[in-house]
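Today I am going through a structure with the viewer open, jotting down what I look up as I go.

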Amino acid sequence: MVTETDLPDPYGSSADVIVVGAGPAGSAAAYHLARAGLDVLLLEKTAFPREKVCGDGLTPRAVKQLTDMGIDVSESAGWLHTKGLRVVSRRAQLELDWPESAAFPDFGIVRRRADFDELLVRRAEAAGARLVELANVSGPVLDDRTGRITGVTAGLGPEKRPVSFAAPLVVAADGNSTRLAVSMGRHRRTDRPMGVAFRTYFTSPRHDDRYLESWLDLWDRRGAQPRLLPGYAWVFGMGDGTSNVGLGVLDTSGGAEPDWHELLRTWCAEVPAEYGFTPEHMTTPIRGSALPMALNRRPHYADGLLLVGDAGGTVSPTTGEGIAYALESGRLAAEVAVQAHARRTATGRERTLQSYPRALRDTYGGHFTLGRAFVKVMGHPQVLKLWADHGLARPTAMKFVFKLMVNLAEPTAGDPTDRVINALTRLTPRG
């Protein structure tokens, strides 16, 4: 291990907790840890501002986490507020407003990830977390006797200078590939769904649309028999003259994988001309990423390592939403770590840390199990076609499904639909 004097000022080589990855999950964890008084090192392999593939649309569930972090989410602070979701099929369209709730705000927000992620990480810094940019974590430092993680090795700066950082607890927030978790033997569960998302930006007169837009008719037209894919295309106005345009598809489609770039270009060519999604209006290349869903990497805690966000597979299988659950899992991990830090014995600390996977299952298990069942059903083309052709003609049923899918039921009271959703979630196995 290098000594503190080998590291660039003001970074020390040790901390109470190391957080690897400064995306939404990592920054949220670092913020809540630092605010509780723990010494936190937040290691990020890139430098801010930096881009990430995302739809940029945040639900009220995410808005709640941001306001709890003291972030100004007003439109005057640069956010575009949304009213809800507009679902579009070839036969109809339906606008679904965000539910009225005491638990969550009644609006969503939109902001580019380059700006959004930097705002979060600066909030973590302001709370006391020590950010180290261009710290590319290469692996864990393990205790030879117990196999427990006691720190990480990293390449620091453009020259990748080898350094080590030490902490009794490490949080893996390094995304879907999560080199750190894999190196600790945490491999992806193949019985959990995965998705893909590809997106670009267009200058568009639709840039200030107050509804997130989801198009259900997403076809792979290769070959003699076109097939309806289990996913959707989206159009999210950014409020800055551009729209974020993309597609998200589950891995249940079967057959050869489409050319996602070409699929998105083809879909853009088929939307109404007033959207302006023509090649000359595209402002960025098409980029894609994987969506790890339904707690697909376990255990979420063992041997001193906690998994949060995409590293732990916290993306919702029903919608592909990841940011809200990244923020929440980061906060939940921090709360458990703070309690563990306060315990007087190693046994007490370990028992507390082992409560984190249970807390994740209690919070998301029922909802994600329902989501996995939904994914399985939607993997059948006949069901998909029926849903796209006839579902929007039943607004009452769609409002119920919408509230269930976006996980915005009032947890303790609410209307009859909230009570039904909560009962379903409680009774569903939390596998």
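**Entry: a strand pair to begin with.** I picked valine 19 and asked what it faces: it stands opposite leucine 42 in strand 2. A reminder to myself before going on: this is a predicted model. The two strands involved are strand 1 (residues 17–20) and strand 2 (residues 40–43), and they pair in the parallel sense over 4 bridges.

Entry: Next I went to the open sheet of 3 strands, ordered 9-10-11 with antiparallel pairing. Strand 9 (135–142) and strand 11 (161–166) are at the edges with a single partner strand each, so one side of each has no neighbour in the sheet. From one strand to the next, the twist averages 25 degrees. I also checked how strand 9 meets strand 10 (residues 149–156): they pair in the antiparallel sense over 7 bridges. In that pairing, leucine 142 stands opposite isoleucine 149.

**Entry: helix 1 and helix 3.** On to helices. Helix 1 (residues 24–35) packs against helix 3 (residues 113–127) at an angle of about 15 degrees, with the axes 8 Å apart. Angles under 35 degrees count as roughly parallel, and helix 1 and helix 3 are therefore roughly parallel to each other. The crossing is left-handed. Helix 1 brings Pro24, Ser27, Ala30, Tyr31, Ala34 and Arg35 to the contact, while the helix 3 side includes Phe116, Leu120 and Val121. I sorted the contact residues by class and got 9 nonpolar, 1 polar and 4 charged.

**Entry: helix 6 and helix 8.** Which way do helix 6 and helix 8 run relative to each other? The axes of helix 6 and helix 8 (residues 355–378) come within 9 Å and cross at roughly 155 degrees. That angle makes helix 6 roughly antiparallel to helix 8. Their crossing is right-handed. Among the contact residues I noted Tyr325, Glu328 and Leu332 of helix 6, and Tyr356, Leu360 and Phe368 of helix 8. The contact divides into 9 nonpolar, 4 polar and 1 charged.

Entry: A search of the whole structure returns 29 salt bridges.

**Entry: helix 10 and helix 11.** One more helix pair before I stop. The axes of helix 10 (residues 395–405) and helix 11 (residues 416–427) come within 10 Å and cross at roughly 50 degrees, which makes helix 10 oblique to helix 11. This crossing is right-handed. Helix 10 contributes Phe400, Lys403 and Leu404, and helix 11 contributes Thr417, Asp418, Val420, Ile421 and Leu424. By class I have 5 nonpolar, 1 polar and 2 charged residues in the contact.

How values were computed: Residues are numbered from 1 along each chain as its sequence is written. This is a predicted model: local features need pLDDT of at least 70, side-chain atom pairs count only at pLDDT 80 or more; totals for chains, interfaces and linings use all residues. Side-chain values use heavy atoms; hydrogens and water are left out. Two strands pair if DSSP finds at least two bridges between them. Axes are lines fitted to C-alpha atoms, for helices over the stretch in contact, and angles run from 0 to 180 degrees between N-to-C directions. Angles under 35 degrees count as roughly parallel, over 145 as roughly antiparallel, 65 to 115 as roughly perpendicular and the rest as oblique. A crossing is left-handed if the near helix is turned anticlockwise from the far one by less than a right angle, and right-handed if clockwise. Contact means heavy atoms within 4.5 Å. Ala, Val, Leu, Ile, Met, Phe, Trp, Tyr, Cys and Pro count as nonpolar, Asp, Glu, Lys and Arg as charged, and the others, Gly among them, as polar. A salt bridge is a side-chain nitrogen of Lys or Arg within 4 Å of a carboxyl oxygen of Asp or Glu.
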